[in-house]
Amino acid sequence: MARRTIATYSIVACDLEAGRWGVAVQSKFLAVGSVVPWAEPHVGAIATQSYANPRYGPDGLALLRAGKTAEETVSALTAADEGREHRQLGIVDGAGHAATFTGDQCQEWAGGRTGDGYAAQGNILVSETTVDALAVTFERNAHLELPERLVECLAAAQVAGGDRRGQQSASLLVVERDAGYAKLSDTVVDLRVDDHERPVVELRRLLGLHQEIFGVTPHEDWVSVDEALAGELRERLAKLGYEGELDTSFFDWAGTENLEERVDGVDRIDPVVLEALRKQSG
C-alpha cells in the first residue's frame, strides 16, 4: 500500500520570555494536526512532515529532554531512519536553537529556513516564497503573543502561495508549564481545523473564540460593579432565566457559557464577560 504524502508548510517556534513553545501547520491533507505538531514546555517543539514519521515527535522530545540540541536531535532522528530522504523535520529546542531538515527526495518545492527561535519548512509548495513568508512574518511580529504570531505566519504563507495542491486542514499547538485549563495542563492552545475550504481563516476564527473564553484580562482593567451595574446584571441575567443572588446567578450563567475561568466574584467583572452578557441578553 502506498504511503500518503503529508505535503505541508509549518513553523515551530518559541517565546523564551513567556516560556512558550508552539507549532502551526497547514496542508492539503485531512487532519494534519493529528500528525505533524509536537511540543513540551522548556523542552522544545517539533514538526514532522512529508511522508511524515510520527515517531519523530515523541522520540525527538525525549532526545531534547535528555539535553540534545535541536541540531543534534535532527541528526539523531534522521540518521536512524532509512526513509529520511523522504522526510521533512523542523525543531526548536528549550534554549531557542532551531534546526530544519529536508530530505533529497521530498517533492518540490521543498525546503526550510531557521532564525532566532524558529524553524520554518514546507514541501510541494508553489515556491520558496511560502517558507520565506513564514520566517519574515515571525520575525516582524515579536510584539504578538505566540499563538497569534504563529497564525499570522500561516496566513502570510498562504497569501505567498502555500501548498500548490490547495488547502484542507490546519492546526495550532502552544504549550506553557501549568498555563492550560484551570492551571492543571501545559496545553495553552490546541486547535485543529480538520477539513475546510479555508482552514487558516477558520483557525484564526477559532483562536479568537479561544481567547474570548480562555484569555486573561489584567485585573486592573476589570470593571467595578457599582449599584447601577449590579442592577443591570440582575436584569440581564433574569432575562436569560438566571435569578436569585447575584453572585450565584452570575456564576451559573458564566459556567453555561464556558466563561467561568474569567469570573472572580461580582465586585469586579472582566469586560469580556460583561460584553458577552450584554450581547446575549440583547
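This is a predicted model: local features need pLDDT of at least 70, side-chain atom pairs count only at pLDDT 80 or more; totals for chains, interfaces and linings use all residues.

Mentor: Residues are numbered from 1 along each chain as its sequence is written, and side-chain values use heavy atoms, with hydrogens and water left out.

Trainee: Which residues of the largest nonpolar core touch the most other members?

Mentor: In soluble globular proteins, nonpolar side chains tend to be buried together. A nonpolar core is a set of buried Ala, Val, Leu, Ile, Met, Phe, Trp, Tyr and Cys residues joined through side-chain atoms within 4.5 Å. Buried means under 20% relative accessible area, exposed over 50%, partly exposed in between (1.4 Å probe, protein chains only). Here the largest core has 29 residues, and Ile11, Leu134, Phe138, Leu150, Leu172 and Leu203 touch the most other members.

Trainee: Which elements each supply at least two residues of this core?

Mentor: Helices (H or I, at least four residues) and strands (E, at least two) are DSSP runs, numbered from the N terminus. The strands are β1 (8–15), β8 (118–122), β9 (169–176) and β10 (187–193). The helices are α3 (129–140), α4 (146–159) and α5 (199–214). Helix α4 gives the most, seven residues.

Trainee: What is Leu150 in contact with, beyond four places in sequence?

Mentor: Contact means heavy atoms within 4.5 Å. Leu150 meets Ile11, Ala13, Gly22, Val23, Ala24, Phe138, Leu172 and Val174. Apart from this core lies another, of 17 residues, including Val225 and Ile269.

Trainee: Now the charges. How many salt bridges does the structure hold?

Mentor: Side chains of opposite charge can pair when their charged atoms come close. The cut-off: a side-chain nitrogen of Lys or Arg within 4 Å of a carboxyl oxygen of Asp or Glu. The structure holds twelve. One of them joins Glu152 and Arg204 at 2.8 Å, N to O. Glu152 is in α4 and Arg204 in α5, 52 residues apart, so the pair links distant parts of the chain.

Trainee: Are Asp270 and Arg262 buried or exposed?

Mentor: Asp270 is buried, at 1% relative accessibility. Arg262 is buried too, at 6%. They form a salt bridge, with the closest N and O atoms 2.6 Å apart.

Trainee: How many residues apart are Arg236 and Glu232 in helix α6?

Mentor: Four, so about one helical turn separates them. Their salt bridge has its closest N and O atoms 2.8 Å apart. Finally, look at Arg20, Glu145 and Glu176, which are linked in a network of salt bridges.
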